[in-house]
Amino acid sequence: MVELKMGDHNVEATTWDPGDSKDWSVPIKPLTEKWKLVPAFLQVKGLVKQHIDSFNHFINVDIKKIVKANELVTSGADPLFYLKYLDVRVGKPDIDDGFNITKATTPHECRLRDTTYSAPITVDIEYTRGTQRIKRNNLLIGRMPLMLRCSNCALTGKSEFELSKLNECPLDPGGYFVVRGQEKVILIQEQLSWNKMLTEDFNGVVQCQVTSSTHEKKSRTLVLSKHGKYYLKHNSMTDDIPIVVIFKALGVVSDQEIQSLIGIDSKSQNRFGASLIDAYNLKVFTQQRALEYMGSKLVVKRFQSATTKTPSEEARELLLTTILAHVPVDNFNLQMKAIYVSMMVRRVMAAELDKTLFDDRDYYGNKRLELAGSLLSMMFEDLFKRMNWELKTIADKNIPKVKAAQFDVVKHMRAAQITAGLESAISSGNWTIKRFKMERAGVTQVLSRLSYISALGMMTRVNSQFEKTRKVSGPRSLQPSQWGMLCPSDTPEGEACGLVKNLALMTHITTEVEERPVMIVAFNAGVEDIREVSGNPINNPNVFLVFINGNVLGLTLNHKHLVRNLRYMRRKGRMGSYVSVHTSYTQRCIYIHTDGGRLCRPYVIVENRRPLVKQHHLDELNRGIRKFDDFLLDGLIEYLDVNEENDSFIAWNEDQIEDRTTHLEIEPFTLLGVCAGLVPYPHHNQSPRNTYQCAMGKQAMGMIGYNQKNRIDSLMYNLVYPHAPMVKSKTIELTNFDKLPAGQNATVAVMSYSGYDIEDALILNKASIDRGYGRCLVYKNSKCTVKRYANQTFDRIMGPMKDALTNKVIFKHDVLDTDGIVAPGEQVQNKQIMINKEMPAVTSMNPLQGQSAQVPYTAVPISYKGPEPSYIERVMVSANAEEDFLIKILLRQTRIPEIGDKFSSRHGQKGVTGLIVEQEDMPFNDFGICPDMIMNPHGFPSRMTVGKTLELLGGKAGLLEGKFHYGTAFGGSKVEDIQAELERHGFNYVGKDFFYSGITGTPLEAYIYSGPVYYQKLKHMVQDKMHARARGPKAVLTRQPTQGRSREGGLRLGEMERDCLISYGASMLIMERLMISSDAFEVDVCRTCGRMAYCSWCHFCQSSANVSKISMPYACKLLFQELTSMNVVPKMILENY
Amino acid sequence: MASKNRKEPLLYMEEYRVKQDPQDYGLADDVFSVQAFKEKLHIKIVRNDEDGLEFDLIGVYPAIANAFRRLMLSDVPSMAIEKVYIYNNTSIIQDEVLAHRMGLLPLRADPRLFAYRTEESTEAGTEQDTLEFELKVKCSRRRDAGKDQSNFDDIYKNHKVYSGHLKWLPKGKQAQIYSESAVNCIHDDILIAQLRPGHELDLRLVAVKGLGRDHAKFSPVATATYRLLPMIKLNREVTGKDAYLLQNCFSPGVIGIDENETAYVKDARYDTCSRNVYRYPQLNDAVTLARIRDHYIFSVESVGALKPDVIFLEAVKVLKRKCRALIDEIEAE
């Protein structure tokens, strides 16, 4: 634990001479207020900066690369024809208001109007029309849904005042999309790293696999060992190909050369001999022969392309483009691929001998996180390619036709496809990318706006691609490499446990950095090109291979020097700060990564046992002279990704710095995420309790944003009087939870009372409720559109109807205004109509020509449903994207806590209200204080939520002192200090007070632990759940009572209840429950044939002689008839009864 | 007559629990006799001012002391706003929340001068059982406000609605009986809502007489409570440093230190009974903490409509009425 001593402003380290090694024994003074680096970091990076960074990279950089890569469209029909994209841009958000008039829009307008917050994608093109060459600028090819607060968003760079003018909450983090009025988040997707060799044991077969991923292709290549021989396996080939054949096909023909790639020591020779013989047996000696062999093993393509190639040519093509697609092929030179394959073989060989060399799939260094930007860029590239392909086919079709007007591609470029593609992908969450054969569902989710924290928590959520049903513990369990990157507490319970994770507070996800400059730096630092050397030095134990993004860059003799130099260059800002360098001694490799999707976090650099960040730096930060980026630029702080973190020696606080220490943790509490950061004293709690709170904090109601009153959400819960918690944490301040709180400080007495508090039930004080405790507002909306139809008809809204006799407005229409829409402020009861809409009976094309006066209309009113009345908060009339009228009504209910409402503290201790007690019956202490809430002490021993008892103590002392206490993880106010404060104010130092029973008036025998605890009201309320039915609707098909509360359904007497009745022998009761009260039905049965008769007439026997009436469940009758329809005849044999 | 030689029943406050005196049988065998009760009962008023009353009630059963406390909390009537007719509310505060806030405003009206509303009474009520107020506030921008002014008080007019904005609407002859200052809000600086230009409130408020049992807003007291008189006894002499430590373990003024640096109990009455002495092993055995079981220190904090002593007397009247009702019921059997 780092103990921070406030107010200690000694600038001790400035005079320290780094060369003086004698001073090492002197303990390092802890840096005061080092935690201020965290807000400084968040100020630069923000809580959802990963999303925004990634999206910005996409719309500013990646999109241009994609268009550049697919810039040319040609046609086979005309060699002169071409279409070339010169540039692409994503514009500012606007909205199409019809007739091609666009106006700038804001996210909130889109939310209210159910439209998409998007910006035009425009291109500059050059193309030929006939023989003319034409340039066109600013051509719309589609619309890009914009992420809020991205570089093109209307909200970026706006001040708090300007944001409030735009109806936007300044504390809203952004990072999500508004699509068709819905807020959608593209969840962070966790994936296995691509372009990386992974050696593993697959059912006893040692294999090394690489998933290659380039813009063009995704493929998986495996090298595996079977019976002492090595093979290469790839999807495109039916059989495993002996590895030597592959080498020969790759142009390494001589066995000696192959062996030298594998290694010429006798051990390697022995192990590889069998594989060489294998090729000999197959009579593969030349490259051509090897290609032919491979060609014979190709998977037969389903759609043969018109151009016929020989199998060996196809095999060659395959080697060039598909197998190990990420390894560059220079001018048909496959040498690099051969080297890469040889390395895979060596990995397999090494792993066969030493089981510890297997890679760990769950290790976070082997993972990449995909963010909105990369997912969208894949989607966009797919759509863009499809558009170009369609343009090409159109050109192919149209150019040969002789027409008056010359063929003009621009007329065929339509923006709708890309627009609709992107929009529907985000709104449905189905990510289908044809060229990668990728089909993923649930990539996006609706942003949960139950509370501010739930929205924030969603933005940091990481979804993993594992199947939820598989029973594997590996991917679900906490990985040591998650340290500081992913929150150890915040994961759901149940099926997604451990698969859905959340980012920690200071985690950053890298975006791609250009690798070219890094390569140049590396070559300058002494990396030698591997193509210049033969196989022998590669296998020299002193030589370290250098990889960049999974590709071989070269080799080096002095790896320590190289790594040190590269890191030095990074600290000096000569290459991107997210470039990571790490050494693997077991693999004798140095890995440089510049790719996107790596998890990383900042650390203070330690040199010569001294952290480089000194007190004067922090003072400068305090004074606002220094920003977080300055720390990076000055090389005081650097980002480490998981791999490099694993290669470093990081001290947890200043005391732990040793000789070999390379880095120092900035603040320990940042290893928790946003949700877990709300828990005060989490390090004193049993860990599952923190996990429970992470789930429950998302259900707590409170404030969701400063713009909550302007929103028309389908469901919104607000607390009338939310409090900031008495015991805060640093995370609470950093996430602004104290500005948008979700809960109230309740004075809690930990004691038993009345027996209505068993099993976690809570006792509430009625006077507290009367004074507004736990009061909440529930907003719901209902909406409708008023459409125009193609046949000149349109929906209409009618005014209220009057009763013919009394000339009064009928009850159903009582709340309607004269325009047929409810008026704000009205109270609506169950079944009352809010919008008296009517629809034309015929809306299909062309039912009537000419006049549309006499169209029959049917009423389709929007009515209110619910046991409790609601008030109309607001009515909005607008137009949506299809230019239909859109009417939204916001309904409001105020709810007072009642028995059965759910409350929870911040320690995973939930409970329902068991009893509401009058103030005079509540116990009171010497000061006359009655608790707001009584909690049963049995909640503590088994749950071990010591943090809650500390929160109570801290809160109590805070009240007396008039200040907030801190319960920050691994720190916070110390118990001794809190106790001293209590003592100073004349309170018992353990927090226990002398109480009197409110009922008898006598003192209680025990002292009662009491004080304020922050309680959250959870969204589960009795009013939404209560349900009973005596009679009600029935399902049409079975005539049995409907199911579910929303359909006013029946309460099922199930199998187990039935069994009880059977065993008890209450047969008549069963009869009543299962038939008479459910779906009793009278049927005629013919006693002669046993079939059902109708109207006392057996149709089979053509007689009414032996027909009797019996009653049976309608479902039974239905079954018989259904069986009959399938040619199964059930017969009934009746007996006297 | 609290004689000094009265045997005071004690409740010992040990470190972890409250323990009865082994000699004290409490109520167990006591037979109630009015004579004995009268003799033992003693009331001493310590402080009595506008909003606070402190008095000692000595020599009664806890049931009786508690009865007064409970009655003051929930059975002494007071006037509060019960119905809010909202003609216009364009502020951001919701109608229900606004109505709830209005209900909690304490009114000065003397509940003894009003009658309860009965089932038969009309919606409008009568001048005997109803007080009516109105609240009409409209926020506007100040004409004279400069562009560079950022203080809302300078820019807006009426942007804060206070309880002082309430206007009494006398009903019938009420204007002749009461003055506005006798019935309106006790505090005129309670913030009800904040408005912005264009926001408007137009409410009619109806106050009725009610009981705290029905809603906390009808309770005439902020709180009415009692505590038992603390008793501190020094078992041995505590001197020197320990004496100062001992002094610090209690509320200021409880422990005195004489010229010999010896601690003595000055006045135990205002000790908060924190029991922090038990924290120190060297003082653990030096003190006996106890409370006198039948010496109740009552504290009544009035909301302001009735004087606290009146509230207590009202509570006594309610108790009397209840007893009478019970006796009547028993006799009617």
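Chain B is divided into domain 1 (10-75 + 223-235 + 286-298) and domain 2 (78-218), with bounds that come from an automatic or database domain assignment. The C-alpha centres of domain 1 of chain B and domain 2 of chain B lie 41 Å apart.

This is a predicted model, in which local features need pLDDT of at least 70 and side-chain atom pairs count only at pLDDT 80 or more, while totals for chains, interfaces and linings use all residues. Residues are numbered from 1 along each chain as its sequence is written, chains are lettered from A and ligands numbered from 1 in the order in which they are written, and side-chain values use heavy atoms, leaving out hydrogens and water.

I turn now to chain A. An open sheet there has three strands, in the order β7-β8-β18, with antiparallel pairing. Strands are DSSP runs of E of at least two residues, and helices are runs of H or I of at least four, numbered from the N terminus; two strands pair if DSSP finds at least two bridges between them. In chain A, β7 (177-179) and β18 (444-446) stand at the edges with a single partner strand each, so one side of each has no neighbour in the sheet. Three bridges join β8 (residues 182-186) to β18 in chain A, and A:V185 stands opposite A:Q445.

Finally, the cysteines. The whole structure contains zero disulfides over all chains, a disulfide being a pair of cysteine sulfur atoms within 2.5 Å. For A:C694, the nearest cysteine sulfur, that of A:C487, is 5.3 Å away. A:C694 counts as buried because its relative accessibility is 1%, where buried means under 20% relative accessible area, exposed over 50% and partly exposed in between (1.4 Å probe, protein chains only).
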